[in-house]
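Please keep the sequence and the coordinates at hand while reading.

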Amino acid sequence: DKNVYALNAATGELRWKYATGAPINESGPAIANGILYMGSNDYYLYAINAATGALIWKYNTGVALLFSSPTVANNVVYIAGWNNLPNNSKKGSVYAMNAVTGTLVWEALANTGFTSSPLVSAGLLYISAGDGNFYALNDATGSVVWSKPIKPGISSATVANGLVFVGAGGTGAGNIYA
């Protein structure tokens, strides 16, 4: 219904709600330092005061439908989306925003949409893409450090014991990569 809701955890009563300009489909929120970050299909990344529901800032991507959940690391919020370009080609972007001010730090473009939420660890941002590749980007610049072909999928990665794990594959057999 185009709203972000905060509920009292003990009673379930509404604490506040914030209306966005479009549905919030697959994006879950991230909360860091008292700020809730949320992407929406209205092309905006929102930063909302988690206690009051007041808007702190919002950033208009202009073209990206923000399906991924945001990730916050080192005072930067990262989010990925599918670009809704006028020529109907689908390309993707990963955005890095200053978590306090909403200023764009960098934007990385790809020839495909991104199908997972970003994960940041040890200076790298990990993300799956619709082109069947898993990418490691420099978290400070957005430049590609390496990529690995995997089956297309929407799995977000996790890191443990020095390894990056990601699941991939559509209908039928899938794979887990390390």
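An open sheet is built from 3 strands in the order 16-17-18, with antiparallel pairing; strands here are DSSP runs of E with at least two residues, numbered from the N terminus, and two strands pair if DSSP finds at least two bridges between them. Its edge strands, each pairing on one side only, are strand 16 (158–160) and strand 18 (175–177). On average, neighbouring strands of this sheet are turned by 25° against each other, direction ignored, the axes being lines fitted to C-alpha atoms. Strand 16 is joined to strand 17 (residues 163–168) by 3 bridges, and A160 stands opposite L163 in strand 17.

This is a predicted model, in which local features need pLDDT of at least 70 and side-chain atom pairs count only at pLDDT 80 or more, while totals for chains, interfaces and linings use all residues. Residues are numbered from 1 along each chain as its sequence is written, and side-chain values use heavy atoms, with hydrogens and water left out.

Strand 4 (residues 35–39) is largely enclosed by the rest of the structure, because 5 of its 5 residues are buried, that is, under 20% relative accessible area with a 1.4 Å probe and protein chains only. Strand 3 (residues 30–32) pairs with strand 4 in the antiparallel sense over 3 bridges, and A32 stands opposite I35; in their hairpin, which has 2 residues between the strands, N33 takes a positive phi near 55°. Strand 5 (residues 44–49) also pairs antiparallel with strand 4, over 5 bridges, with G39 opposite L45, and in that hairpin, with 4 residues between the strands, Y43 takes a positive phi near 75°.

F134 lies in strand 14 (residues 133–138) and counts as buried because its relative accessibility is 4%. Leaving aside residues up to four places away in sequence, F134 touches, among others, Y126, W146, I150, V164 and V166, where contact means heavy atoms within 4.5 Å.

The largest pocket has a volume of about 170 Å³, a pocket being an open set of points on a 1 Å grid over the protein atoms alone, where a 1.4 Å probe fits, with protein on both sides within 12 Å along at least five of seven lines; the volume is the space filled by probe spheres set on the points. It is lined by 11 residues, of which E26, F67, S68, T115 and S116 are the closest to its centre, lining residues having an atom within 4 Å of a point.

How values were computed: Buried means under 20% relative accessible area, exposed over 50%, partly exposed in between (1.4 Å probe, protein chains only). Axes are lines fitted to C-alpha atoms, for helices over the stretch in contact, and angles run from 0 to 180 degrees between N-to-C directions.
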